[in-house]
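Thanks for coming. Let me put the model up and walk you through it.

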Amino acid sequence: MVKILSNKFLLLLGRIILAAVFIFAGMEKIINPEGFAVSIDNYKLLPTAAVNIAAITLPWIEVAAGLLLLFGTAVKESALLINGMLVVFIAAIGISIARGLNIDCGCFGTAGGSQVGFLKLLENSSLLFIGIILMFFGSDYLSIEGKKKEN
Amino acid sequence: MKINLMTTLIILLFSSVIGITFNFFSSNGIPLLRQIQTVEFAEELIIIDVNEEMNQNELTGAASPEILPTEERVDVKPVEEVKADETSTKEDISSEKKDNEIKNLPPPFSEPKAVTLEQAKTLYNQKTTFIDARDRGEYLMGHIKAAINIPYYGFEEFEYQLDFIPLNKPIVIYCSGTDCDLSVMLGNKLFKLGYSYIYIFFGGWNNWVENNLPVNGGIDG
């Protein structure tokens, strides 16, 4: 099992998937910070005053972590950040489902908005699974860190 | 699993600083601290004289969208006319302003206003247009009687129904209840499109049903 999970091609695929999702999601939120702020506010989990700070910084953390994953620099650290965000997202979606909130998940900013639900939980859990594998095994294949080690 | 927490912290701080700096210079930038947005409750209701509306409809041959089957609604307005409407939105808005003066309507709202159940009932009895902002599935399972469905998600697909609602006509928008935000988001959207009298019924579908008020259930009601 460990051999399969630590397969360099699978880890590379995981890196690309996580990077693509987080870069795209982050960019969409950067384009429309107000829309993302409204989405965060709708969860009613953060104090109103803190909503904009989260809406301003979170997308850039997503993009930065995504880019680092894509280029294979600080893979484990980027995966840790992404996993941290995913845990928060999963908790927020879970609480919203439990409270019966009928709100936009805000997952991809304004692009393809969809409501919170079990499908979103499943999506985020799948991404978290990939992130945990990357955090444990790292991924040197076709990466800047890998090139450094070769030299 | 060897993770450098310092590197993680640096990524976190560096990207946050870039985000704050970008936001500061961006034209789409937002304030660092969010102000609490509240929708004020309406003190007085704007009610259009139903008899006058009916007479106008008879004269122009127009009919309320609620009572028209979907196919007919699509065919009522030719495509050329719709395109002409799009190009002359500003003219429409100015003519609406003139209409307001003619009909002695109060000045347009500065923002959508909230209404209580009692106020919503009054508006309903005056045949004010009710818009259900929930998705199509929820609408088909049950909605306020005669309400039309313009889901916030999928707005473009159902937007054509707005062709039948003048900009100076009061509109009541609702969704599931106090915990949903679709009515507010749709209200803000319609307000930006030029609708002057937008009411948000926060109690929504749940509050309406709890009070045994008229509803339609099923596809055809």
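Read along the sequence, chain A runs α-α-α-α-α-α-α. That is seven helices and zero strands. Helices here are DSSP runs of H or I with at least four residues, strands are E runs of at least two, and both are numbered from the N terminus.

Some ground rules. This is a predicted model: local features need pLDDT of at least 70, side-chain atom pairs count only at pLDDT 80 or more, and totals for chains, interfaces and linings use all residues. Residues are numbered from 1 along each chain as its sequence is written, chains are lettered from A and ligands numbered from 1 in the order in which they are written, and side-chain values use heavy atoms, with hydrogens and water left out.

Back to chain A. It has 151 residues, and 50% of them count as buried, meaning under 20% relative accessible area with a 1.4 Å probe, protein chains only. Now contacts, meaning heavy atoms within 4.5 Å. Take those between residues at least 6 apart in sequence: 73% join residues at least 24 apart.

Next, the partner. 33 residues of chain B are in contact with 35 residues of chain A. Together the two chains bury about 3,000 Å², with 66% of it on carbon and sulfur atoms. Buried area is the accessible area (1.4 Å probe) that two parts lose on being put together, summed over both.

Which elements of chain B give two or more residues to the side that touches chain A? Helix 1 (5-25) and helix 9 (182-192). Helix 1 of chain B gives the most, with 12 residues.
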